[in-house]
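Please look through the structure shown here with the paragraphs below as a guide. They take up a pair of helices, then a sheet, and finally the surroundings of a ligand.

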Amino acid sequence: MGEKLVEVDNLRKYFQVKGRGGRKQYVQAVENVSLFINKGETLGLVGESGCGKTTLGRTIIRLYEPTSGRITYGGEVISDVENHISVNMLPYRRKMQIIFQDPSASLDPRMTVGEIIGEALDIHKLCASKQDRTDRIRELLDKVGLNTEHSNRFPHEFSGGQQQRIGIARALAVDPEFIVCDEPISALDVSIQSQVVNMLEDLQEELGLTYLFIAHDISVVRHISNRIGVMYLGCLVELSESYELCNNPIHPYTKTLMSAVPLPDPIKSRANKRILLEGDVPSPINPPSGCRFHTRCPYASERCRQEMPALKEYSPGHYAACHMLEG
Ligand SMILES: Nc1ncnc2c1ncn2[C@@H]1O[C@H](COP(=O)(O)OP(=O)(O)O)[C@@H](O)[C@H]1O
Ligand code: SF4
Ligand SMILES: [Mg+2]
């Protein structure tokens, strides 16, 4: 641990959309995010639906083109590598994979499981012969706990949990180093969620993988993440080691998130009164000026309405973006 694999500096991703009367508008989905992910670690990423988690994850691996900012992978700047579908990106494509939230939507229903996994092997020319390819597909199915005889079946013949295992096998096919796990268990039955999480943890250990693990609920990632980042309306508002973030949150938004998480200790739980936020999350098309949380923050001051706070380190490895903390 300690060696940075992924570094993101001032990353922005805006989507152009048509407003009323065909006017051009921009969804400011990711705003000025900076973070790094160490080799072999799991960085959890949490925040309410629509706060930009998926967009950030996809932009880091360049499934989306960044609007501005810099992405570094293994010491190489990849945000400058021409066109995200170009051959120049191919080596990085292989190292960076993604597991999608909805397994059924992410698997082509017309392809067999063997074709789905084999396609990734073909694109990157990873198998020397047909036999080699067949063996590799069987090995991958076995790795994710699926029957190796099932490579001729179609996705709809599998349960949700099995479909997600297929998605994981597809991601693993190219021997990646870094995987964006985008809410990989949100669409699954509660009864099988922990099986899939445990499998991802085992695979990480066995293969030395690095994860960006996205969840809308902090309780999903608190045990498996080394560090956790919290997003609100496109901005990274707090980032720290996992235990520290859960037990000593310092940003007003993280405090409200944590107050909604049941604690195992009933005495602490009673002391930890739930903080309710007023109002809805504003639109990322016309986000609030200054600190994007100011319309809902109980501590908002005039400065908060005007100036966006920068992410600063308040104790070793504990970062937050809030004017109040600056004193
Ligand atoms: N392709 C797109 N075009 C336009 N807006 C998008 C697109 N993808 C996401 N958005 C918008 O960007 C914001 C962040 O979305 P997303 O990254 O999916 O959030 P999360 O994963 O945290 O739920 C949302 O307002 C969403 O509607
Ligand atoms: S900067 Fe101001 S509005 Fe934003 S979280 Fe801190 S106190 Fe609240
Ligand atoms: Mg999402």
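In this predicted model, helices H4 and H6 cross each other in a right-handed sense. Helix H4 covers residues 113-123 and helix H6 covers residues 160-172, and their axes, which come within 8 Å, cross at roughly 25°. Because angles under 35 degrees count as roughly parallel, H4 and H6 are described as roughly parallel to each other. On the side of H4, the residues that take part in the contact are Val113, Ile116, Ile117 and Ala120, and they meet Ile166, Ala169 and Arg170 in H6.

From the helices we can turn to the strands. An open sheet is formed by 4 strands, whose order is E2-E1-E4-E5 and whose pairing is antiparallel. Strand E2 (24-38) and strand E5 (76-77) stand at the edges with a single partner strand each, so one side of each is left without a neighbour in the sheet. Strand E5 is joined by 2 bridges to strand E4, which spans residues 68-73, and E4 and E5 run antiparallel. Across this pairing, tyrosine 73 stands opposite glutamate 76 in E5.

What surrounds ligand 2? The shell consists of Pro252, Cys291, Phe293, His294, Cys297, Tyr299, Ala300, Cys304, Pro309, Cys322, His323 and Met324.

Key
Residues numbered from 1 in each chain as written. Chains lettered and ligands numbered in written order. Predicted model: local features only at pLDDT ≥ 70, side-chain atom pairs only at ≥ 80, totals over all residues. Near = placed C-beta within 6 Å. Pairing = 2+ DSSP bridges. Axes fitted to C-alpha atoms, helices over the stretch in contact; angles between N-to-C directions. Parallel < 35°, antiparallel > 145°, perpendicular 65-115°, else oblique. Left-handed = near helix turned anticlockwise from the far one by under 90°. Contact = placed C-beta atoms within 7 Å.
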